[in-house]
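Dear colleague,

I am passing on the structure we spoke about, with some notes on what turned up in it. Please read them with the model open beside you.

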Amino acid sequence: MEKNNTREEIIEAALDLFSVNGYEATSISQLADAVGIRKASLYSHFANKHEILETVVDTVLGGYAKHSIFARANWDDPAFTKDKQKMTAEEAADNVMGQIRYILHDPHIKKGRKMLMIEQFRNQEMAVLQTRQNYEGVMSYFSGMMRFLMRDGVLKNADPEIMAAQFSSPITVWINLCDREPEREDEVMELIRKHVIQFFNIYRK
């Protein structure tokens, strides 16, 4: 049990340090010091720093996959869309705002996002993950949402990928703003609500 606890402490310390200093700039000695163990003891839990990074990523992504609507969505699955028929602008806004609050406040997701932001230009593995999580995954979710809303007769027909980009890009900017200036969250949430409602007014069938 104690060994498992120490392993978890190493993962948490690594996520803390990687999200502030970046992966490359964080040393094994810093990780060991943060946990309060000897450097040699750390190697009894992980073979090297890269294995720690992989475990950190798996931990963050595991939580994200379990709780995020972006990760769990399937707009072609009737079981997923059964409570989303004739979605209103207000319902869409509540749905998106709930997800944004989750990714802003979940400590693993928040730190993981910052780690990817720091490392994306100097670590190819992190660059690929950043693209997958914060572009491809987001675009896939919202493109699927647009196709569903067009099929459901809520929105008029248009290019779903362009609609997804128009819908999600401002939200991405506002998430980044909250990461830098968390005290502006209430302002950002109100902007997101207005943005979603205006989007629906523009594209409403």
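Which residues in α4 meet which residues in α9? In this predicted model, H50, L53, E54, V57, L61 and Y64 are the residues on the α4 side, and they meet E125, M126, L129, R132 and Q133 in α9. Sorted by class, this contact of α4 with α9 has six nonpolar, two polar and three charged residues. The two helices, α4 at residues 49-67 and α9 at residues 124-151, pack at an angle of about 5°, and their axes are 13 Å apart. Since angles under 35 degrees count as roughly parallel, that makes α4 roughly parallel to α9.

Q120 is buried, because its relative accessible area of 17% falls under the 20% cut-off. The side chain of Q120 reaches the backbone oxygen of M117 at 3.2 Å, and a polar contact of 3.4 Å joins the side chain of Q120 to that of Q130. Apart from neighbours within four places in sequence, Q120 is in contact with M126, A127 and Q130.

The largest nonpolar core has 65 residues, of which I52, L155, F167, I192 and F200 touch the most other members. Helix α9 gives the most to this core, with eleven residues. As for L155, its contacts, leaving aside neighbours within four places in sequence, include M146, L149 and M150 as well as M163, F199, F200 and Y203.

With best wishes

Methods
Residues numbered from 1 in each chain as written. Predicted model: local features only at pLDDT ≥ 70, side-chain atom pairs only at ≥ 80, totals over all residues. Heavy atoms only, no water. Axes fitted to C-alpha atoms, helices over the stretch in contact; angles between N-to-C directions. Helix = DSSP H or I, 4+ residues; strand = E, 2+ residues; numbered from the N terminus. Parallel < 35°, antiparallel > 145°, perpendicular 65-115°, else oblique. Contact = heavy atoms within 4.5 Å. Nonpolar A, V, L, I, M, F, W, Y, C, P; charged D, E, K, R; others polar. Buried < 20%, exposed > 50% of the residue type's maximum accessible area, 1.4 Å probe, protein only. Polar contact = N/O pair within 3.5 Å; in protein donor to acceptor, adjacent residues only side chain to side chain. Core = buried A, V, L, I, M, F, W, Y, C linked by side-chain atoms within 4.5 Å.
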